[in-house]
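User: Hello! I have just opened this structure and would like a guided tour of it. Could you take my questions one at a time?

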Amino acid sequence: MPADHPTDTPTTTRFERARRMSLRARRGLVLVGAVTWVAFGVVSVIGMDGPAAVWRWALLAGYVLMWAALRVLIRDIAERSAGAIDEYETARRTRARDVGYVTALVVALMLYLVFSVATNRAQDGDPGVLLRADDLIFAAFLLPAALPTFFLAWTTPPDEDD
């Protein structure tokens, strides 16, 4: 624990203790979030229906939970207004948003390619992927939406949070 952090007192909140989480632990949460997103994407492509659809909702809930936890750990820098953060945090936030923007462009290109193939397959009598377009688009939306937060959680050492 860095010297500028006071020791825990009865008034120390859980959020304050969580923000001092090690970089290794934060990266673990980012990896859990990434694996959850990949699994959500796979389930979206496979198209689990009926009782197996519970997995889709559980994975979505897990992903959103990781996103929310990481927002707390980085003090929500990725989504705060420019007036609420200093110049250094603004520069970090801008860098993270740039990563999210480039990711959104790549995801949009991937969706175009997937739906081009899916359209051709649907014309040949296999509309499976095309029928799950809504799930795929939602999974694709979640990645660039949360990526700035995940990027900041991955790259920000705990002693820079104060």
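User: In what order do the elements of the protein run from the N terminus on?

Analyst: This is a predicted model, and in it the protein has 6 helices and 0 strands. Reading from the N terminus, the order of elements is therefore α-α-α-α-α-α.

User: What share of the residues in the protein is buried?

Analyst: The protein has 162 residues. Residues count as buried when their relative accessible area is under 20%. By that cut-off, the buried share is 34%.

User: How much of the accessible surface belongs to carbon and sulfur atoms?

Analyst: The accessible surface of the protein comes to about 9700 Å². Of this area, the part that belongs to carbon and sulfur atoms is 67%.

User: Among contacts with a separation of 6 or more, what percentage joins residues 24 or more positions apart?

Analyst: A contact here is a pair with heavy atoms within 4.5 Å. Counting the contacts with a separation of 6 or more, those between residues 24 or more positions apart account for 71%.

User: Which residues is L152 in contact with, leaving aside its neighbours within four places in sequence?

Analyst: Once neighbours within four places in sequence are set aside, its contacts are I74, I77, A78, R92 and A96.

User: Which element gives the most to the lining of the largest pocket?

Analyst: The largest pocket has a volume of about 290 Å³. Of its 13 lining residues, W37, V45, M110, L111 and L136 are the closest to the centre. Two or more lining residues come from each of α2 (23-46), α4 (87-123) and α6 (133-155). With 5 residues, the element that gives the most is α2.

User: How many charged residues does the lining of the largest pocket have?

Analyst: Sorted by class, the lining has 12 nonpolar residues and 1 polar residue. The number of charged residues is none.

User: Is D135 buried or exposed?

Analyst: D135 is found in helix α6. Leaving aside neighbours within four places in sequence, D135 is in contact with S44 and R56. Its relative accessibility is 16%, and because the cut-off for burial is under 20%, D135 counts as buried.

User: How far apart are the C-alpha atoms of A133 and L111?

Analyst: A133 is also in helix α6, and it is buried, with a relative accessible area of 18%. L111 is one of the residues closest to the centre of the largest pocket. Along the chain, A133 and L111 are 22 residues apart, while their C-alpha atoms are separated by 9.2 Å.

User: Which residues does T103 touch, not counting those up to four places away in sequence?

Analyst: T103 sits in helix α4 and counts as buried at 17% relative accessibility. T103 and L147 are 44 residues apart in sequence, yet 8.2 Å apart in space, C-alpha to C-alpha. Not counting residues up to four places away, T103 touches L143 and L147.

User: Where is R75, and what is its phi?

Analyst: R75 has its place in the loop between α3 and α4. At 21% relative accessibility, R75 counts as partly exposed. R75 is not a glycine, although its phi is positive, at about 60°.

User: And what is the phi of D76?

Analyst: D76 is found in the loop between α3 and α4, and it is partly exposed, with a relative accessible area of 22%. D76 is not a glycine either, and its phi is positive, at about 60°.

User: What separates the C-alpha atoms of V32 and G62?

Analyst: V32 has its place in helix α2 and counts as partly exposed at 42% relative accessibility. V32 and G62 are 30 residues apart along the chain, and their C-alpha atoms are separated by 8.9 Å.

How values were computed. Residues numbered from 1 in each chain as written. Predicted model: local features only at pLDDT ≥ 70, side-chain atom pairs only at ≥ 80, totals over all residues. Heavy atoms only, no water. 1 Å grid on protein atoms, 1.4 Å probe; cavity = no way out; pocket = protein on both sides within 12 Å on 5 of 7 lines; lining within 4 Å. Points joined across faces, edges and corners; volume = space filled by probe spheres on them. Helix = DSSP H or I, 4+ residues; strand = E, 2+ residues; numbered from the N terminus. Nonpolar A, V, L, I, M, F, W, Y, C, P; charged D, E, K, R; others polar. Buried < 20%, exposed > 50% of the residue type's maximum accessible area, 1.4 Å probe, protein only. Areas by Shrake-Rupley, 256 points an atom, 1.4 Å probe, with all protein chains shown as cover.
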